[in-house]
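Student: I'd like to learn how to read aromatic pairs in a model. Can you walk me through it?

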Amino acid sequence: MAFQIITLAARHFQIMFVVFCLIFLIMSAILHYHWRRYRSGNNGVAVAEVIYFTVSALLLILTFSTLILPDQL
């Protein structure tokens with residue numbers, strides 16, 4: 001019974017992670033379009049875009065690794 005609850009909770013976490021990734025990707029695509037379309041030659045926006053996508057990728061990789069790491073132990 002307890003194992004079943006843990007498995008169910010893990011499955012919910014996986015579903016929540018996928019939903020979060022989809023929402024995050026949609027918002028990032030909107031930001032990317034906005035930054036490309038309306039930056040009007042401002043180099044600061046280009047730097048912010050690089051920082052945003054670099055940090056975002058690192059956070060998603062770390063989150064994904066915590067999702068699969070307990071299964072590997």
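This is a predicted model: local features need pLDDT of at least 70, side-chain atom pairs count only at pLDDT 80 or more; totals for chains, interfaces and linings use all residues.

Student: What describes a pair of aromatic rings?

Tutor: You look at the distance of the centres and the angle of the planes. Here the count comes to 6 aromatic pairs. Take F17 and F64: their centres are 6.1 Å apart, with 35° between the planes, and the pair is tilted.

Student: Where in the chain do F17 and F64 sit?

Tutor: F17 is in helix α1 (residues 2-38) and F64 is in helix α2 (residues 43-72). They are 47 residues apart, so the pair links distant parts of the chain. F17 has 10% relative accessibility, so it counts as buried, whereas F64, at 41%, counts as partly exposed.

Student: Which kind of pair do Y52 and F53 make?

Tutor: Their ring centres are 5.0 Å apart and the planes sit at 80°, so this one is edge-to-face; the cut-off is over 60 degrees. Y52 is partly exposed at 23% relative accessible area, and F53 is partly exposed too, at 31%.

Student: Which residue does the E49 side chain make a polar contact with?

Tutor: That's the side chain of H32, at 2.5 Å. Leaving out residues up to four places away in sequence, E49 touches H32, W35, R36 and R39.

Notes. Residues are numbered from 1 along each chain as its sequence is written. Side-chain values use heavy atoms; hydrogens and water are left out. Rings of Phe, Tyr and Trp (its six-membered ring) pair if their centres lie within 6.5 Å; planes under 30 degrees apart count as stacked, over 60 as edge-to-face and the rest as tilted. Helices (H or I, at least four residues) and strands (E, at least two) are DSSP runs, numbered from the N terminus. Buried means under 20% relative accessible area, exposed over 50%, partly exposed in between (1.4 Å probe, protein chains only). A polar contact is a pair of N or O atoms within 3.5 Å; within protein, one must be able to donate a hydrogen and the other to accept it, and residues adjacent in sequence count only if both atoms are side-chain atoms. Contact means heavy atoms within 4.5 Å.
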